[in-house]
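This report describes how the parts of one protein chain are arranged. Please look at the sequence and the structure before reading on.

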Amino acid sequence: MNASAIGRIAEECGVDAVTLHPRTVDQGFAGAADWGLIASLKAQLRIPVIGSGDIRSPEDAVRMLRETGCDGVMVGRGSLGNPWIIGNILSRLAGVTAYAPSLAQREETVRHHLALASDYYGEEVGTRDFRKHLLWYTKGLRGGAQFRQVAGRITDRAAAGAALRDYFHWLSETAGTMEPSNERFRRPAVG
């Protein structure tokens, strides 16, 4: 709620740009970000203003730029499980069709991300921490709820790799179906 005052102070101190995520602490992750506050701040400052909040698709980014006049868009939670959103925003701004990754590309990205987390944090901590990313990566995918039950019990990189292999193999086998069936992704319990 102090964005205007703080923005002016930052500008006077020589800051090159500011980012505003217009959601209060009391809101937490609930409710809508007030993009009107971004527009107001942009109108008051000479330095670039970057908007943040509720960017879940390329269309959201374009709408924020149009409605607020901000100079850039920051993507936060909208990138969780969807790292392709950044490229798709840039494509949309360039007038190019959005990119939809294939199942093989999705799997490769998830595996690469898992390897990076495991290498950085160590296998035990990296794999355990990565389970939340598995939840995000499979949100909205067929059989994702069943996979997430398996993912929540994964304790090592090998088990994660096997679960991913089985899940994406199952997805590719069922890709031709239009509606979710009673068939569910099944995998032996992970221990």
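Helix 1 passes helix 2 in a crossing that is right-handed; a crossing has this hand if the near helix is turned clockwise from the far one by less than a right angle, and is left-handed if the turn is anticlockwise. The model is a predicted one, in which local features need pLDDT of at least 70 and side-chain atom pairs count only at pLDDT 80 or more, while totals for chains, interfaces and linings use all residues. Residues are numbered from 1 along each chain as its sequence is written, and side-chain values use heavy atoms, with hydrogens and water left out.

**The chain as a whole**

The chain has eight helices and three strands. Here helices (H or I, at least four residues) and strands (E, at least two) are DSSP runs, numbered from the N terminus. Read from the N terminus, the order of elements is α-β-α-β-α-β-α-α-α-α-α. Of the 191 residues in the chain, 38% are buried. Buried means under 20% relative accessible area, exposed means over 50%, and partly exposed lies in between, for a 1.4 Å probe and protein chains only. A contact means heavy atoms within 4.5 Å. Among contacts between residues at least 6 apart in sequence, 54% join residues at least 24 apart.

**Two helix pairs**

Two packed helices are described by the angle between their axes and the distance between the axes. Axes are lines fitted to C-alpha atoms, for helices over the stretch in contact, and angles run from 0 to 180 degrees between N-to-C directions.

The axes of helix 1 (residues 3-12) and helix 2 (residues 35-44) come within 10 Å of each other and cross at roughly 35°. On the helix 1 side, Ala3, Ser4, Gly7 and Arg8 meet Ser40, Leu41 and Gln44 of helix 2. Sorted by class, this contact has two nonpolar, four polar and one charged residues. For this sorting, Ala, Val, Leu, Ile, Met, Phe, Trp, Tyr, Cys and Pro count as nonpolar, Asp, Glu, Lys and Arg as charged, and the others, Gly among them, as polar.

Helix 3 (residues 58-68) and helix 4 (residues 85-93) have axes that come within 8 Å and cross at roughly 55°. Helix 3 is therefore oblique to helix 4; angles under 35 degrees count as roughly parallel, over 145 as roughly antiparallel, 65 to 115 as roughly perpendicular and the rest as oblique. The crossing of helix 3 with helix 4 is right-handed. Pro58, Glu59, Ala61, Val62 and Leu65 of helix 3 meet Asn88, Ile89, Arg92 and Leu93 of helix 4. By class, that contact has six nonpolar, one polar and two charged residues.

**Single residues**

The table lists the accessibility of some residues.

| Residue | Relative accessibility | Class |
|---|---|---|
| Threonine 138 | 2% | buried |
| Leucine 41 | 3% | buried |
| Serine 57 | 17% | buried |
| Isoleucine 50 | 25% | partly exposed |
| Cysteine 13 | 64% | exposed |

Leucine 41 belongs to helix 2. Apart from neighbours within four places in sequence, leucine 41 contacts Ala3, Ser4, Gly7, Val18, Leu20 and Val49. Leucine 41 and valine 18 are 23 residues apart along the chain, and their C-alpha atoms are separated by 9.5 Å.

Isoleucine 50 is part of strand 2 (residues 49-52). With neighbours within four places in sequence left aside, isoleucine 50 is in contact with Ala17, Val18, Thr19, Leu20, Gly72, Val73 and Met74. In sequence, isoleucine 50 and threonine 19 are 31 residues apart, yet from C-alpha to C-alpha they are 4.4 Å apart in space.

The loop between strand 2 and helix 3 holds aspartate 54. Most residues other than glycine have a negative phi. Aspartate 54 has a positive phi of about 65°, although it is not a glycine. At 15% relative accessibility, aspartate 54 is buried. Serine 57 lies in the loop between strand 2 and helix 3. Not counting residues up to four places away in sequence, serine 57 touches Ile85 and Ile89.

Threonine 138 is found in helix 6 (residues 123-138). Leaving aside neighbours within four places in sequence, threonine 138 contacts Gly144, Phe147, Arg148 and Tyr167.

**Cysteines**

How many disulfides does the structure hold? The number is zero, where a disulfide is a pair of cysteine sulfur atoms within 2.5 Å. Cysteine 70 has a relative accessible area of 7%, so this residue is buried.
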